[in-house]
Amino acid sequence: MTFYKLLMAKEFAIGIYLFCFKVLFSIFKLFPLYDKTTFVTSFGDNCQYIADEMDKQDISVQKVFLMKSSSSIQVKDDGETIVLPFESKNISAMIRSIYHLATSKWIIIDNYFGFLSAISFKKQVKCVQVWHAAGAVKQFGAKDPSIKNRSAGARKRFFEVYGKFDYVTAGSERMSEIYQESFQLPASHILRTGIPRTDFFFNDESKRTARNALLAKHPELEHKKIMLYAPTFRNDGLNNGEIALDLELLYKELKGENYALLLKLHPAVKAEHDLQDKFPGFIYPVNSDFHVNQLLISTDLLITDYSSIPFEFSFLGRPMIFFAYDLEKYVQERGFWEDYSSSMPGPVVSTTEELLRKIRTADHSSMKIASFNQKWNEYSTGNSSRNLVDFLYK
């Protein structure tokens, strides 16, 4: 089957799904609205912090969680709170999900969800996008360069989804500008509340608990210099699991200097599973074992590339190195908001040898990191969850 035919088949399947969704939603829309918040989540962190704040403030609104399998939110289905798998093969759960979407006064989402293109909420309903990234390196939404390769129907669907966002939460003025461009929204749709999940970085008890969780499994790390390598997911690395870092060189050079390297690859990447045995006491694969906050709070030096992790790591004021070995290719394919090399709060390198030199002379000057943090996190000051809950429910 040709690529074009595959694309057409995919569009046809999406069309059938959205048509069924629309029919069921239209039926359930005849029911009255209830004091109910439905969270639709594929990440979980922001929704978790909002839900916890609602509990803390004793907001008397029923909570419904429609969860993708990737969602990390911890919540129990106890009758009062309802938890359902979303976009799964469970037809009963899907029908119930659509009912809750049609009868809730508040809808809170943390990603792009295509079903929004097929429905229209009642006027009283507020749909809030709590986007999963605190900042943006790569262009997305209407500015994503790959959008030109999609069908006219797909492009139309994207913009119909963006048009359903009554509000988008932003952690900075720079991010509010990006949301306006990416989602084609007026400034009045931006909520400058800060990013709910960043409240973690202002809570000493949460930070202590997160660090202890890592040390409970790997107590030997307590007195090591911990580096975290967290690269961006790349489609071409999906099956071969290739890691661009020369791990053997790093092991050889750093094993005697009390370093440890936490390796956080995308869950979909099928990398070797024997790395910890191959590089004992140095490499620690941490794909699904720990929440990212448990890793960040324990990290002395972050090594990444085009990920959104630096925006959160900058709260800690610790050094970062950007291993951008495929920068030229990535810029052409994905498009960046700003000049990468000058806007990142640390040195940009393209080889493991360069990286080694920078590790040994890691820039501990906090000036650039502090200004980066202020630029991207100016509204995230420890009360972001409360700010949003107060806006929505008070």
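Helices (H or I, at least four residues) and strands (E, at least two) are DSSP runs, numbered from the N terminus. This is a predicted model, in which local features need pLDDT of at least 70 and side-chain atom pairs count only at pLDDT 80 or more, while totals for chains, interfaces and linings use all residues. Residues are numbered from 1 along each chain as its sequence is written, and side-chain values use heavy atoms, with hydrogens and water left out.

**Stop 1: two loops**

Select Gln184, in the loop between helix H5 (173-182) and strand S7 (190-191). Gln184 is not a glycine, yet its phi is positive, at about 55 degrees.

Go on to Asn258, in the loop that runs between helix H7 (247-254) and strand S9 (259-263). Asn258 also has a positive phi, near 65 degrees, and is a residue other than glycine. Its relative accessible area of 36% makes Asn258 partly exposed (buried is under 20%, exposed over 50% and partly exposed in between, with a 1.4 Å probe and protein chains only).

**Stop 2: aromatic pairs**

The whole structure holds 39 aromatic pairs. Rings of Phe, Tyr and Trp (its six-membered ring) pair if their centres lie within 6.5 Å; planes under 30 degrees apart count as stacked, over 60 as edge-to-face and the rest as tilted.

Select Trp106 and Tyr393, a tilted pair with 4.8 Å from centre to centre and 55 degrees between the planes. Trp106 belongs to strand S4 (residues 104-109) and Tyr393 to helix H15 (residues 384-393), so this pair ties together parts 287 residues apart in sequence. Both Trp106 and Tyr393 are buried.

Now select Phe311 and Trp376, an edge-to-face pair with 4.8 Å between centres and 65 degrees between planes. Phe311 is in helix H10 (residues 309-313) and Trp376 in helix H14 (residues 367-377), so parts 65 residues apart in sequence are tied together by the pair. Phe311 is buried at 1% relative accessibility, and Trp376 is buried at 3%.

**Stop 3: an aromatic cluster**

Select Tyr112, Trp131, Phe140, Phe158, Phe159, Tyr162, Phe165, Tyr179, Phe183 and Trp337 together; they form one aromatic cluster.

**Stop 4: a surface patch**

Finish with Phe19, Val23 and Ile27, which make a nonpolar surface patch of about 280 Å². Patches consist of residues with over 30% relative accessible area and no salt bridge, with nonpolar side chains (Val, Leu, Ile, Met, Phe, Trp, Tyr) joined within 5 Å and like charges within 9 Å. A salt bridge is a side-chain nitrogen of Lys or Arg within 4 Å of a carboxyl oxygen of Asp or Glu. Accessible areas come from the Shrake-Rupley method with a 1.4 Å probe; for residues, only the protein chains shown count as cover. Ile27 lies in helix H1 (residues 3-28) and is partly exposed, at 44% relative accessibility.
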